2 protein chains.
Amino acid sequence: MAQVDQFVTVADTVRPTIAARGKPHVVIIGGGFAGLNAAKGLAEAPVKVTVIDRRNHHLFAPLLYQVATAQLSPANIAQPIRSILRKQENANVLLGEVAGIDTQARTVELDSGRILAYDYLVVAVGATHSYFGHDEWAPMAPGLKTIDDATEIRKRILLAFEHAENEPDPRKREAMLTFVVIGGGPTGVELAGAIGEIAGHTLVKEFENIDPRDSRILLLEGLPRILPMFPEALSVDAEKDLAKFGVQVRTNSLVTDIDEHGVNIGDERIDANTVIWAAGVQVSRLTQVLRNLAELDRAGRVPVERELHIAGHPEIFVVGDAASVKTRDGKPVPGVAPAAMQEGKWAAANIVRAVNGHSYTPFRYQDKGSLATIGRHQAVASVKGRNFNGFLAWWMWMVVHVFYLNGLRNRTLVISQWAFSYLSFGRNARLITGEQPKTLEKKS
Amino acid sequence: MAQVDQFVTVADTVRPTIAARGKPHVVIIGGGFAGLNAAKGLAEAPVKVTVIDRRNHHLFAPLLYQVATAQLSPANIAQPIRSILRKQENANVLLGEVAGIDTQARTVELDSGRILAYDYLVVAVGATHSYFGHDEWAPMAPGLKTIDDATEIRKRILLAFEHAENEPDPRKREAMLTFVVIGGGPTGVELAGAIGEIAGHTLVKEFENIDPRDSRILLLEGLPRILPMFPEALSVDAEKDLAKFGVQVRTNSLVTDIDEHGVNIGDERIDANTVIWAAGVQVSRLTQVLRNLAELDRAGRVPVERELHIAGHPEIFVVGDAASVKTRDGKPVPGVAPAAMQEGKWAAANIVRAVNGHSYTPFRYQDKGSLATIGRHQAVASVKGRNFNGFLAWWMWMVVHVFYLNGLRNRTLVISQWAFSYLSFGRNARLITGEQPKTLEKKS
């Protein structure tokens, strides 16, 4: 409490400012797709907006796997939230971690002790990966949610080949050239396909003692098919396409253990030095503080009314991956970027309605379809009941992703890097950074 | 020694290969400007080349300060050594750390225990910063030699403004907005100028509680003037130009202590949360293993003959920042990129001569002049006795740096990012990554 007292001056300076302007204060927690779209949706409203995020950048998560696979640089898909909202006069950005929410006093407390009073709260904290109760697997099988995750995975993939090049023992070398991706959703499919391209094209002819094409790339999925959110025919297509890039798909394969040297699927053992986790979704812990207002689902999602606020709390909206939203016919809205954007905008629109004396309207989800890319000329798309695969789907994937990318600068850089890679089969960002084991060859 | 035995098979497979081909083995330690140019210079020679580096990438160090100041992405100035040498059939790249050199047995031992026999050795291990016996200053005042250094400095600069935005105490806030760059050589000048641009242009209007233009940026130099390798008139110009970007230059200012909250210059105290070290050069420790062959200078440099090899050891060349080379008139060759490139090429040419039965020729240094940029439209250049400053020097600086950058891809990306920044006053890579203090505001 001493911390809070210390910054009571700050809280005090915030409150009178709001009171003086007579404008409601909207606090948005999270600068991802949902939070950012909520903020932008309030640009013209007579409110004061504060966006809190523990990172300084908004991340274009659908391209994160390309950072992890050395295709793009981190900055190509990340932009400072401050700079995105620079021209929005009523918006303010705070870098910080939220320590708690007092829904009675209507305040948000930051880790620093600073307290912000809100009139409306938009919780857009997003999700992270879930290890299904096996958090001890995390160091061996990193997931892909942040820039730091991506550079860590990039380092592991690139180091695997370097380790193998230096390894005299053929059995160890084989494990070093075995890559296991766990989870057959879009991220898992995209990662596995990209590793296939690295092994099959990018690195060919660069080593003396190994042939990267000897790599074994496994995509493990617990369900009977990969890309379960797509029509079944596209799952089959995707599996065939992955095979072209040297990826073996194993369905009905539930991982039962992971250690430093590989994974177990029941009794079966797969020796692999590189394991990547692309399964399971769990909402950021922060939603736990809302659990006395609404019963969270297993993944920690907060159920919301059709208007996107918590039942009985019209001043608290939950949007994006943190929310459990149902469509009019009772189906869950999927945890994808377009849904998060739409929910953020809708919450903003409802706040604008309330400020102007109108009542909330129920969210209508527009299903924009599903897209997943596998590699050069190969992708699958399902849009409004129509299925696409191959070259056309691949083009659609690229156009859509460039279109939604924030900022002309990033669009230009991404397009030019894609063009370079396409022409050269190369990768733009084959950087091993951060600490690395001093010794490349295992001494044990 | 057990380690060595374990990999004796590897060493054995290397030796017979060389013997079988009947080709001399040239081992190059370091993939910087000197090492890489030595490798390239041997492309057509009847030798086998092995380049060893502990990082997987060659770094275009002259632009590293632009990564540290959020202008470029790390991958823009770094390229895998493997990919640079991909088409050079006689060259092989090894990621690893050299543990020792046995100049009697003519072998290089890697950290892993692997041993490589050499016929010619090229030591191109480069330099790092020296804290003049105060290594305890390193955590408080990071230097700029690697990509990881650059992203660390970038994080500190960007976080400083975020901290200040959240800080209610005006005295603490002032220290958070004080940036001290120690060392008035080109790197220090370029860093200070770029911080001035960030504070004076990039971040303006993005904060609510602070005005980044209130930042205090100090460039400290122990000698009587900055850029001592330039003609005196240009030092004066540079100082004036830096003032335009809000940088205060303090010459004859020797830092006597650094702690977490600032620096001391004798009795004077400067409170500053961000301190960057751009002074002092020290050669990588590896040259120590050569000290019984030649007396190293204070910075650890290895003195070499005019032909660039160690006296009495015509098979061991030392090039780049690790070497102490004298020109024909006895002046020391400066530790700059063009000199490293020329020396690497020269060592390669001498090896080619030896392999073809000719004798070595003495190195001739071509002084290409000195360039340092300060910021938008401001730079200084001294080329063949002629001095330039302002817009013309700035253009020269850009053209030269793009010209020497490796690879069309990087050139295109760098030019387009410079163009974007120029037009928008923005920065391309304002990313805070890596671990950061959980709490932004200091709780003490």
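Predicted model: local features only at pLDDT ≥ 70, side-chain atom pairs only at ≥ 80, totals over all residues.
Colleague: Where do I start? What helices and strands does chain A have?

Modeller: Start with the count of elements. Chain A holds 12 helices and 25 strands.

Colleague: How do I judge the overall form? What radius of gyration does chain A have, and what would a compact globule have?

Modeller: Compare the two values. Chain A has 444 residues, so a compact globule would come out near 22 Å. The value for chain A is 23 Å, which agrees. Along the principal axes, its C-alpha atoms fill a box of roughly 70 × 50 × 45 Å.

Colleague: What share of chain A is buried?

Modeller: Buried residues account for 53% of the 444 in chain A.

Colleague: Now the partner chain. How many residues of chain A are in contact with chain B?

Modeller: Interface size is often given as the accessible area lost when the parts come together. Here we count residues instead. In chain A, 49 residues are in contact with 49 residues of chain B.

Colleague: Which element of chain A gives the most to that side?

Modeller: Helix 12 of chain A does, with 5 residues. Elements supplying at least two residues include helix 2 (8-21) and helix 6 (147-165) of chain A.

Colleague: What classes of residue make up the side of chain A that touches chain B?

Modeller: That side has 16 nonpolar, 17 polar and 16 charged residues.

Conventions
Residues numbered from 1 in each chain as written. Chains lettered and ligands numbered in written order. Helix = DSSP H or I, 4+ residues; strand = E, 2+ residues; numbered from the N terminus. Rg over C-alpha atoms; globule rule 2.2 N^0.38 Å. Buried ≥ 20, exposed ≤ 12 C-beta atoms within 10 Å, placed from the backbone. Contact = placed C-beta atoms within 7 Å. Nonpolar A, V, L, I, M, F, W, Y, C, P; charged D, E, K, R; others polar.
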